[in-house]
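Here is a short briefing for a reader who is new to this structure. Look it over first, then read the points below.

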Amino acid sequence: MNRLTIVGLVIVVILVLVAIFAPWIATHDVGATNLSLRYLPPSAQHFFGTDSTGRDIFSRVVFGARISLKVGIVVVAVSAVTGTILGALAGYYSGWVDRIISGYVFNVFLAFPGLLLAIAMVAFLGAGLNKLILALCIIGWVGYARLIRGQVLKVREYDFVQAARALGASDARILLIHILPNAIQPLIVQASLGMAGAVLSEAALSFLGLGVPPPAPSWGVMIEEARDLSTLQAAPHALIFPGLAIALTVLAFNFIGDGLREYLDPRQRSR
Amino acid sequence: MRSFYKHKLFPFLRRVAIFLLVVWTVVSLVTLLIELVPGDPAVSVLGEQATPEQFEQFREKHGLDRPPFFFSIPRDAAGERHFQWHGAKNRYTEYWIALVHGDMGKSFRTDRPVIDLIRERYLATIELALAALLIAVLIAIPLGVVAGKNKGTWIDNLASFVALIGISLPGFVIGPLLVYVFAVKLDWLPPSGRFDWSYLVLPAVTLGAALSAILTRMVRSSVIEELGEDYVRTARAKGLSETKVVYKHVLKNGLIPVVTILGLQLGVLLAGAIITEKIFGWPGLGLLLVEDGIGKRDYRVVQGCVLVISITYIVANMLTDMVYRWLDPRIRVS
């Protein structure tokens, strides 16, 4: 395993621990405003300083990890499972199911900027965490479906699959026991990169005011609140720390994804 | 039938068919999205205090009093669902008919035609996207070539690391950071608006940053791959200088996959422009969508913006595909 992958894994483990133990790690109440304490620079009292309403940025970044990870995990899990089921069925049975899924759905969904679809959906549904997760799942599953379909098309022609079929194994058995375990590897890479994508999309939509509504400590919301000129002037740290949190999280999942891809595909290792 | 599939026009017709299918889906999605609005759009636009007459007038003016689609399955008084046919006089067909005539309806707020609002903003977005593309290419090609030529050295590692950071830092983090450094601290560039060229710099860099990172990686691996080809050895054996080998031979072939990425990323740019425009108050389609459309619940404006951005994206992808085929004759054959 390469060094960057390990760095990525370490960051993710820390992130998960921070999210789980957030109430114990946070030093202040995330919602407690105090205008006499606004724009304080980082100090022993407030590790990351305070924002324009005097809230403790460290505590908010810590609780923000919960929102980011929740969105990432739910979106990736739901999209990957849906995508795998539909992609496997399309690849295995071919025929009209495949023609609809790969001929129509793939072409249409991939011909459309995903973020725009999510923005449009949330714009009409109204902002909120669950609606945001729903929108990201609706655009997210297609990538997994296309990947698995391609894999299944390849694996189903292998000799051991033909042998299983000759022995009279049922379709379900062939698909679940023989094909999927051999088709699923690239999915892990895709899921890891998908986590990065979901975390980014959540922050982006929250930044636009379409995700988690403001008092919640979403990293995207924090950046949106920190970017007006007077706050930038007085407290650039209000922007920098949540920005760093997003960057590190995305970077970590990208490291893991890249590392896994190299690990699973030795041909790439030499490059 | 088989001879039809083999006809040389088939790939072209297939693409046209997919294009029409995608446009049809997008328009359908956009028209039906308004059904997702919780409650009544008239109430959410006019507010609870409006009189029943005002609601009635609003619904009539914007066609909201008509049924949404050809049929519906409403509940009756007893709670049973029944199929009900509405015929051609529904919002879906009306939106289509208007659209074919170049009409996207009127803004719920200002009564101005949506197409006019979009026309005012469209150029600003295209200007921003093209500037970002230019900046990305100007950064990525030299950086990628240097990294690829010096594969495995510290130069390569540094370039790859910078690229990775660029990918991981989203526009809504880079943008405000640039504002802080160049507008607040140094006071070199304006923080927002669109007047002379100096207003374009920060938004274009923000939007182009992620793309330049992706491109750098592409150019790098492309250069590495091409450097291993036979024609490079031939060119070197001929005694060509290394610069000539790289910039004349390697880059020419290595740029083919890059063009595809560029085209596909144009869509990402258009979506990213929504965020960039919000950061810098850049008066493009994204700002129209976010502030005038979503912010003021002007659903007609949202429909129009989503439609226009999508169609631009689809057309850009089609053009990319054509350029790609033209650049690499091998793809034309297969």
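**A loop glycine in chain A**

G54(A) counts as partly exposed because it has 17 C-beta neighbours inside 10 Å. By the cut-offs used here, a residue is buried if 20 or more other C-beta atoms lie within 10 Å of its own, exposed if 12 or fewer, and partly exposed in between, with C-beta atoms placed from the backbone. This is a predicted model, in which local features need pLDDT of at least 70 and side-chain atom pairs count only at pLDDT 80 or more, while totals for chains, interfaces and linings use all residues. Residues are numbered from 1 along each chain as its sequence is written, and chains are lettered from A and ligands numbered from 1 in the order in which they are written.

**More on G54(A)**

- G54(A) sits in the loop between α2 (22-25) and α3 (57-93) of chain A. Helices (H or I, at least four residues) and strands (E, at least two) are DSSP runs, numbered from the N terminus.
- Along the sequence, G54(A) and N34(A) are 20 residues apart. In space, their C-alpha atoms are 4.7 Å apart.
- Beyond its neighbours within four places in sequence, G54(A) contacts T33(A), N34(A), L35(A), S36(A), L37(A) and R38(A). Two residues are in contact if their C-beta atoms, placed from the backbone, lie within 7 Å.

**Chain A as a whole**

- Chain A has 12 helices and zero strands.
- Its C-alpha atoms fill a box of roughly 75 × 45 × 35 Å, taken along the principal axes.
- Chain A has 271 residues, and 50% of them are buried.
- Take the contacts in chain A with a separation of 6 or more: 70% of them join residues 24 or more positions apart.

**Where the chains meet**

- On the chain B side, 43 residues are in contact with 34 residues of chain A.
- The chain B elements that give two or more residues to this side are α2 (10-33), α7 (154-168), α8 (171-185), α9 (198-227), α11 (242-280), α12 (285-295) and α13 (299-327).
- The residues on this side of chain B are 36 nonpolar, six polar and one charged. Ala, Val, Leu, Ile, Met, Phe, Trp, Tyr, Cys and Pro count as nonpolar, Asp, Glu, Lys and Arg as charged, and the others, Gly among them, as polar.

Two packed helices are described by the angle between their axes and the distance between the axes. Axes are lines fitted to C-alpha atoms, for helices over the stretch in contact, and angles run from 0 to 180 degrees between N-to-C directions.

- The axes of α6(B) (residues 114-149) and α13(B) come within 10 Å and cross at roughly 50°.
- α6(B) and α13(B) are therefore oblique to each other. Angles under 35 degrees count as roughly parallel, over 145 as roughly antiparallel, 65 to 115 as roughly perpendicular and the rest as oblique.
- In this contact, V114(B), L117(B) and I118(B) of α6(B) meet R300(B), V301(B), G304(B), C305(B) and V308(B) of α13(B). Six of these residues are nonpolar, one is polar and one is charged.
- α11(B) and α13(B) pack at about 175°, with axes 9 Å apart. That makes α11(B) roughly antiparallel to α13(B).
- The contact of α11(B) with α13(B) has 12 nonpolar, six polar and no charged residues.

**The nonpolar core**

- The largest nonpolar core holds 162 residues. Such a core is a set of buried Ala, Val, Leu, Ile, Met, Phe, Trp, Tyr and Cys residues joined through C-beta atoms within 7 Å.
- A118(A), I119(A), A132(B) and C305(B) touch the most other members.
- Setting aside residues up to four places away in sequence, C305(B) touches I118(B), L285(B), L288(B), L289(B) and G293(B).

**Residues to look at in chain B**

Most residues other than glycine have a negative phi.

- D187(B) has a positive phi, near 60°. D187(B) lies in the loop between α8 and α9 of chain B. It counts as exposed, with 9 C-beta neighbours inside 10 Å.
- R297(B) also has a positive phi, of about 50°. R297(B) lies in the loop between α12 and α13 of chain B. It counts as partly exposed, with 18 C-beta neighbours inside 10 Å.
- I311(B) lies in helix α13 of chain B. With 15 other C-beta atoms within 10 Å, I311(B) is partly exposed.
- I311(B) and M322(B) are 11 residues apart along the chain, and their C-alpha atoms are separated by 17 Å.
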